[in-house]
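The following note collects comments on the fold, point by point. Please read the points alongside the sequence and coordinates displayed here.

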Amino acid sequence: MSTAIIMVTGMMKGLLAALGVCLVVLFVWGSLLIWSHFAAMPLRFSVEELIIWMTFFLGAAVTSGLPHRIMSTILAENDEMNSKFDELVSIDADTGFDNEKRFSFDLEEEFSRARRTGTPFSLLYVKILYFRQFVDLYGRKETEHLLQSLAELLRQKTRITDRKYRPHEDTFAILLANSTEENAQIVIAKIEKLLQHHTLRRKNKQITLTIAFGLASYREDMSDPLELVHDARKELEQYIQ
């Protein structure tokens, strides 16, 4: 019974817990041995057998607790590696664009460059309105087709130097390098109508999308790239309204 308790504790709680239970069992058995000696009570086991059992208890604690510790270590290392992998991965699987982490990094870099050199740049948000309704209505496969189609269109109608991202599930972001607000407005005019029409993959049927744009351009009085994000999001909300 004592051995079973020690082993179950080791497998469930680990080596330290099993050793703790083992010490309690050894204390009880040791106390019983001392008490029987002074009280002249007959023992069912000889002293040698008791020592063997105590050694067995200790072995049970170690053999049951070590696998738990090894497994815990492996799981902790695996979680750490997954966390580092997530930090390194910067590509959105659906579109091939960079993700939100990369967007934040590149935006800070572009903002710092603009402050140093005075080179203009603009941030353009492109949001698919009623995106969740599209997902619910047409399913995951059609949603993947939609994102890939829009991403390809944005890729074709913007310059290679314009960096493209998908920071949110329903939103694309484009850093328009060396572009003033007037240049960015030309980009919007070029892609606005093209983005409104989408051909479904499964039914080969064309539907109309509702697209919103949010645009902000770098200004010398800006002290932080978050100001640029705030201005672009504000315009995005006003466009929606």
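1. In this predicted model, Tyr-165 stands opposite Ala-173, a residue of β3. The strands β2 and β3 run antiparallel and are joined by 4 bridges.

2. The open sheet to which these strands belong has 4 strands in the order β2-β3-β1-β6, and the pairing is antiparallel. Its edges are formed by β2 (163–168) and β6, each of which pairs on one side only. From one strand to the next, the twist averages 20 degrees.

3. Helix α6 lies across β1, β3 and β6 and runs at about 170 degrees to β6.

4. The largest nonpolar core has 28 residues, of which Leu-124, Ile-128, Phe-172, Leu-195 and Phe-213 touch the most other members. At least two residues of this core come from each of β1 (121–128), α5 (131–157), β3 (171–177), α6 (181–195) and β6 (211–217). The greatest contribution is that of α5, with 10 residues.

5. Which residues does Leu-124 touch, not counting those up to four places away in sequence? They are Phe-172, Ala-173, Ile-174, Leu-176, Val-187, Ile-188, Phe-213, Gly-214 and Leu-215.

6. Another core, of 19 residues, lies apart from the largest one; among its members are Phe-121, Leu-123, Met-222 and Leu-236. As a general matter, nonpolar side chains in soluble globular proteins tend to be buried together.

How values were computed:
Residues are numbered from 1 along each chain as its sequence is written. This is a predicted model: local features need pLDDT of at least 70, side-chain atom pairs count only at pLDDT 80 or more; totals for chains, interfaces and linings use all residues. Side-chain values use heavy atoms; hydrogens and water are left out. A nonpolar core is a set of buried Ala, Val, Leu, Ile, Met, Phe, Trp, Tyr and Cys residues joined through side-chain atoms within 4.5 Å. Buried means under 20% relative accessible area, exposed over 50%, partly exposed in between (1.4 Å probe, protein chains only). Contact means heavy atoms within 4.5 Å. Two strands pair if DSSP finds at least two bridges between them. Axes are lines fitted to C-alpha atoms, for helices over the stretch in contact, and angles run from 0 to 180 degrees between N-to-C directions.
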